[in-house]
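Please review the briefing below alongside the sequence and the coordinates.

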Amino acid sequence: MIDVDDVLTNFNRAFLEIANRLFSTPIDVEITVWEFHKCVPGLDLEKEMKVWEEIENTEDFYEKLPLYASQEDIQILKDVVNKKLAEVYLITARFPVKGKSVEEQTKNWVKKHIGLDLPVIVTSSKGKKCQKLGISIALDDAPHHIKDLIDHGIPTVVMDWPYNRYLNGLPRVRSLKEFLEKYLFSG
């Protein structure tokens, strides 16, 4: 299982760009905690909520997200899928926005940026869904999803971001390539 936002897409960057457009907050900020208003100068909780509203009201927002994964990451993912080295599911906990369904927007983004038709599942219960699907390993960045996956017995690798560095004792990678090479075809 591969998470989408801040593994494949750069959701954090998109959020910061909207906050900048609305409130002139800085874009190049290290996100050190899960709540943006706690680490983005000039962004309080009320302003953060306005950014979330802007996202919700943006037509097909998820189709417009910038790529986070590198071209090398993408090529290795394509190799894994095309050579049938592993069955890959993209599981995301995205919330609805204006326009197409979250699943359709995500599939369109994947086709455009990765060139594959991968299964996309939208759920906030990633651990339960992975358990049901028999997922053998997961890659995620969100601390609450990582905890949920582990609580459901899913071996989980952490996509390294400053906001999840307090999670100790878990395998950690800095790229999709590193995850795929270390955990999917290390032989």
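Predicted model: local features only at pLDDT ≥ 70, side-chain atom pairs only at ≥ 80, totals over all residues.

Residues are numbered from 1 along each chain as its sequence is written, and side-chain values use heavy atoms, with hydrogens and water left out.

**Helix 1**
- Helices are DSSP runs (H or I, at least four residues) numbered from the N terminus.
- The 13 residues of helix 1 (residues 11–23) should span 18 Å at 1.5 Å a residue, and the end C-alpha atoms are 18 Å apart, which agrees; the expected span is 1.5 Å times one less than the number of residues.
- Phe11, Asn12, Ala14, Phe15, Leu16, Ile18 and Ala19 are the buried residues of helix 1 (under 20% relative accessible area, 1.4 Å probe, protein chains only).
- These buried residues pack against helix 2 (45–56), with contact meaning heavy atoms within 4.5 Å.

**Largest pocket**
- A pocket is an open set of points on a 1 Å grid over the protein atoms alone, where a 1.4 Å probe fits, with protein on both sides within 12 Å along at least five of seven lines; lining residues have an atom within 4 Å of a point.
- The largest pocket holds about 440 Å³ of space, a volume being the space filled by probe spheres set on the points.
- Its lining has 25 residues, and Asp5, Phe11, Trp34, Trp52 and His144 are the closest to the centre.
- Helix 1, helix 2 and helix 6 (143–151) each give two or more residues to this lining.

**Second largest pocket**
- The second largest pocket has a volume of about 160 Å³.
- Among its 13 lining residues, Met1, Ala86, Glu87, Ile135 and Ser136 lie nearest the centre.

Notes: Buried < 20%, exposed > 50% of the residue type's maximum accessible area, 1.4 Å probe, protein only.
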